[in-house]
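This report covers a sheet and a helix pair in a predicted model. Please read it alongside the sequence and the structure.

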Amino acid sequence: MAVATKEGARASAPPQTKSRTAKQKDLAFAYGFLSPQLFGMVVFLLGPLIFAFALAFLNWDGFGTRSFAGLDNFAWVFSDPQMLTSMGNTLWFTVLQVPGLLVSGFMAALLLQVTKKARNIYRVFYFAPVITSSVAVSAIWLWLLNPELSPLNPVFRAVGITPPDWLQNPTTVIPVMAVVSVWQGLGYQMVMFMAGLENVPSSLMEAADIDGANEVQKLFRITIPLLSPTILFLSITSIIGSFQVFDYIYFFFDTTAPANARTIVYEIVQIAFREGNFGRSSALALVLFLILLAVTGLQMVAQKRWVHYTE
Amino acid sequence: MGELQIMGRSVSRRGFLGTAAAAGLASAATMAGCSSNAAPGTGASGGTAGKGPITWASWANPGEADAYKKVTADYTAKYGNKVVWQQVVGDYQTKILTQLAGGSAPDAFYVGDGQMAPMINSGKLTALDDFLASAASPLKLADVHPGLLEWCKSKDGKLYGVPVDSNPKVFWFNKGLLEQAGVTTDPAAQFAAGTWNRAALDDLLTKVKATGKRGMVVEANWFDLFSLVTTFGGKVLSDDGTKVIFDTDPKAMDTFAWLFDHFAAGTITYGGSLPKGQGVDALFLGSQLATIQYGRWILPNLRKLKNMQYDIAPMPSEDGKTIMPVAVYCAAMAVQTGAKDSQAALEFLGRYVNADGQKARLAGGGNAVPAVKGIDDIVLEGGLPANAKVFNEVATKGWAIPLPIARSAKVSTNFGTETDKMIKSGIGAKDFATKLAAFINAGG
């Protein structure tokens, strides 16, 4: 395959005899075609990124003059009790949500693999929450979690439990949001795992059958190792997504989320647009970026030990 | 490996990234420049001075949106100025601040009580004093209830906004639930008899709790907490209004102790910072809560409940017969410095917030109370609630957001979170008051 790729690349390379003027013309065309995308990337991605990086070292309320803050904004991020609480909340959400998504998505994919006729119907049902907006999902769950009005309350009362005030209880608010998030994200994980399962060679399974392996052995010795690239991809994207959780909290609590429900991105928005402190907000955003960079880097390093590629 | 191939030509990765970074820096500088391209006090020219066109913006629920569209069309028809209303959907403050920073904000717009100070500090709002003192002003400032203006002023006393209307805290009660609980004389009747005091409230709360319903909910906001203090004769603010002193005021501390006793007994429910859809109003509308201490904004929803009997009273007081000053929620109209036609925008503001303007918006089932004198009858329309005249009396005496909260974006933003954290930590009333006062006076 590698040889074929090189050959293909060589075949598509411009002839060496092409004149310098023609090359420059081609280059101009290339940049011309790239320019709309490059312009968008520079204006909407790279520019704001650099601006935010600079703001992290400044004091600025969004209007007046900016003054140099040095590392004060970063010192505040790591010393303010609420910031530390919010970082803890975010980490707790990630710890609950990412394994929840991976395990439930994998289980659903395994079950659907043995479902023959109705597989596509189930797939649609599981995937529906993924394409539903987070606002709509939050609205449904807000009703289900209401301690006074929830239709689940009679079920709790029937078994002698007082319906909990899920969103006001500091102990339950993050786990509940993780449940909502897993419910919404399950379909995507399931589809990705199903695609991975399709690629597990049947010859390996047949060989394992001949060797007398049982289903559990096949699962842990063949299926999961061969799904490790999928698991790596999903774990990276899930961790990044969970560290950026914002929409559920904002919909549930608006701008008055209690301390135990606030996450890093929620704080970034509050500090910038409510408190008018863009320096601290940018410092927090930069810290989040570095955390995600480090976590993803660690995963990429660790994958050499546990991710198996078939080719 | 370190090169990119573009149409057969090698471009080093370092070179490509360097070019992209330089372009990014340039665009960042451009965007930074965008935030300060409108010099205060100098609007771009447009139209004849004083004739508009004018754009104004506000938040709005569907009912309010209809009213604002009509007011806007009527204004254009009556004064000949083309007026355009923009409904801001979603996070109002973020959007308006972004528009202001980018120089694309509407000429006039609503400002919430927690948003005024940062907007004044931004230098993007027009001081209104000269205009309102001039003969051209459609509004006489003396007509506005005095307790509702302070939060619209800067530290040097200049006025930057005028309340569009008000929502004073009153004591709503569900007559049916009180009757079921055995409360034979309702709060309105008790007030008329001069017995609507703390003991009467205690009795009401105890009886309602015995029925399994909730009697009263107090949330983690200044509107609830500080109204209880002032209605029972305590002081929240220092005489100059710049510091909170409730932690050293005996009557205020007595009220906090009383409140925490009720929390412990379960006769008053702590509402925290309730999520959307789980608000206190949902409990009251669902007949799960016997009383609610809200403004007039709840009335449109109550009107829809044909089987619920309700009325209002002032908040209870020490002597049981006096309407004490309590909190009033307000929003103000302000004009930005970059207004295309400042004169037209200021005239629009004056006509919008004066008695005629407020009457036009609040007539026909409005959800607020006038912030100016002279149109008291507007809240009596439809005869609901029966004791509606109380709205005006409370608004006249009431106070808007305390200055130490209004003037610190950090305090106004985090008041609920900090209060909620303290109460949920289980501290006593004294420690709560001390910590809360320290938080507010330190500016967060």
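## Basis

Residues are numbered from 1 along each chain as its sequence is written, chains are lettered from A and ligands numbered from 1 in the order in which they are written. The model is predicted: local features need pLDDT of at least 70, side-chain atom pairs count only at pLDDT 80 or more, and totals for chains, interfaces and linings use all residues.

## Chain B overall

Chain B has 18 helices and 12 strands. Helices (H or I, at least four residues) and strands (E, at least two) are DSSP runs, numbered from the N terminus.

Of the 444 residues in chain B, 47% are buried. A residue is buried if 20 or more other C-beta atoms, placed from the backbone, lie within 10 Å of its own; it is exposed at 12 or fewer and partly exposed in between. Among contacts in chain B with a separation of 6 or more, 74% join residues 24 or more positions apart; a contact requires C-beta atoms, placed from the backbone, within 7 Å.

## The five-stranded sheet of chain B

Five strands of chain B form an open sheet in the order β4-β3-β5-β12-β6, with mixed pairing. Two strands pair if DSSP finds at least two bridges between them. At the edges are β4 (83-87) and β6 of chain B, each pairing on one side only. Neighbouring strands are turned by 20° against each other on average, direction ignored.

Strand β12 (residues 328-335) of chain B pairs with β6(B) in the antiparallel sense over six bridges, and B:Pro168 stands opposite B:Val328. Strand β5 (residues 108-112) of chain B is also antiparallel to β12(B), over five bridges, with B:Phe109 opposite B:Ala334. Edge strand β6(B), residues 162-168, is mostly covered, with seven of its seven residues buried.

## Helices α13 and α14 of chain A

The axes of α13 (residues 264-274) and α14 (residues 278-306) of chain A come within 8 Å and cross at roughly 160°. Therefore α13(A) is roughly antiparallel to α14(A), a term for angles over 145 degrees. Axes are lines fitted to C-alpha atoms, for helices over the stretch in contact, and angles run from 0 to 180 degrees between N-to-C directions.

The crossing is left-handed, the near helix being turned anticlockwise from the far one by less than a right angle. A:Ile264, A:Glu267, A:Ile268, A:Ile271 and A:Ala272 of α13(A) meet A:Phe278, A:Arg280, A:Ser281, A:Leu284, A:Ala285 and A:Leu288 of α14(A). Eight of the contact residues are nonpolar, one is polar and two are charged. Ala, Val, Leu, Ile, Met, Phe, Trp, Tyr, Cys and Pro count as nonpolar, Asp, Glu, Lys and Arg as charged, and the others, Gly among them, as polar.

Conventions:
Angles under 35 degrees count as roughly parallel, over 145 as roughly antiparallel, 65 to 115 as roughly perpendicular and the rest as oblique. Two residues are in contact if their C-beta atoms, placed from the backbone, lie within 7 Å.
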